[in-house]
Amino acid sequence: MRTHGKIYWSRSKKRSVDLFSSPSDVITSLADLYPTSGLPISPRDEAVFLLHVAAEVEHALLVQYLYAMFSFGPPMELPKEVQDWAKDLRTVAMQEMGHLMTVQNIVIALGGPIAFDREDYPIQSVFYPFPFTLERPTRDLFAKYVVAEMPPIETIPSSQKPLVDQAMIRSEIANGGVSVNRVGALYAKIIEVVGDIAESKFSFGTAATFQAAPGSKELSGTSGPNPPPPQTPMTSIMTWPIDSKDSAVKALELIARQGEGPTRCEENSHFEKFLNIFKCFPETNPLFGQIRPNPTQPVPTNPIASDAPPFNVSKITDPISLPLAQFANLRYRLLLEMLSHYLQIDRTCRPQCKAVLAHQCIFEMGNTVTPVAIALTTLSRQRPTLYGDDGQKLVAAFPFEMPYTLALNPDESIRWRSHVDNFHRSDEIAEQLAESAQCPDEIRTSLKTILGNDKNAIAKMQHAAENPKVDCLSG
């Protein structure tokens, strides 16, 4: 696990906030925050460094948004308005994945190493918008999301200012009196640095070889006989190829417009979606009004699926929930390693192998991660079952715990064998769970479906491991 010790968020003046702070003071203070680097490095290295920071931020936000989405529980059991909030979180998370892959493309074009790192909890990193935490959604949490994705102050319409003022104050109080950093400021800095790099410092040929494919190819999941519906930059899940400096800058600007917005306030942006949820979400903080029922499941804060502490209210110990959470962690590792491997395959040499990994990553998110994450929110967290102050059963959740390493072996055959090993180990857990008499029928059915799907993936990857010089499906 890496930490970045050389990036700072500086401001023109230091301040603290309390309940009686002026909203305009809060906004002025936040607007003064910008990332800086004290490293004596070249512009290209500084760009790679900041892009690695952006990749970690995108990864962290992606996971936190997914955790919040899954915390709503089975979607069909939710009221229409709450279903819409969960759908918005899903859309934002998917777009963050596009941002993450586009950032990797720019890193590859600059000749830097790809990076899928993310700080594990509990940790506070100075470059994150706020300390990385997996937690049950509250109105205060959405206030932090609003501010993290907020565009520059001057672009916010006057009609939204009062609500944004509220989110600003609540986010800083919820963040321990520290302002939430705008991700847009980080992208503004990256755009500035990348714009100053000479064209000769880029390797634009990688757009056709190693970079993630754009549009409807490979990673989008939209290829097929029928073309995908028309999409605007604000609604698409984009992965841009970087074949010129201009395309790198435009890709960064589009990421900013879609979510983090250093240029203007945009309809359908992440900021707009979170501001709407913040406005409508039931009050969860008695400092700001009468408490109303929280529509999400009582998931743990920073769930643990290991033997770390002797007792912790966030530790998953239920005999069904624990192995399912451990299965989830293995599949999270598998997904990250397949994404990394995908970016290290030259599509001009092994196009089908690259496509196999891309397809499997998409399939894994929709057909393994999602049903398992939802299933965990229906299970008891600990044995004996614990209940909250409101009488609700405390449930488990997808832990998203980072593996000890994401580094892949340089030998291509061993990389494929590593994926096969992760499939086999997770499938062993799934088979044992499915055979348990305590396993709920719907979860048993879901696990058997996953096991059936895995057989096909394992066969393809085993073939690639045994034939490292042959494209996956060509012989």
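Q: What is the accessible surface of the protein, and what share of it belongs to carbon and sulfur atoms?
A: This is a predicted model, in which local features need pLDDT of at least 70, side-chain atom pairs count only at pLDDT 80 or more, and totals for chains, interfaces and linings use all residues. Residues are numbered from 1 along each chain as its sequence is written, and side-chain values use heavy atoms, leaving out hydrogens and water. Accessible areas come from the Shrake-Rupley method with a 1.4 Å probe, and for residues only the protein chains shown count as cover. The accessible surface comes to about 19800 Å², and the part belonging to carbon and sulfur atoms is 54%.

Q: How many helices and strands does the protein have?
A: Helices (H or I, at least four residues) and strands (E, at least two) are DSSP runs, numbered from the N terminus. Along the sequence they follow the pattern β-α-β-α-α-α-α-α-α-α-α-α-α-α. The count is 12 helices and 2 strands.

Q: What percentage of the residues in the protein is buried?
A: Buried means under 20% relative accessible area, exposed over 50%, and partly exposed in between (1.4 Å probe, protein chains only). Of the 475 residues in the protein, the buried ones make up 56%.

Q: How many salt bridges are there?
A: Side chains of opposite charge can pair when their charged atoms come close. Here a salt bridge is a side-chain nitrogen of Lys or Arg within 4 Å of a carboxyl oxygen of Asp or Glu. By this rule the count is 17.

Q: Which helix holds both Lys250 and Asp246?
A: The side chains of Lys250 and Asp246 form a salt bridge, 3.2 Å from N to O. Lys250 is partly exposed at 43% relative accessibility, and Asp246 is partly exposed with a relative accessible area of 43%. They sit 4 residues apart, about one turn of the helix, and that helix is α7 (residues 245-260).
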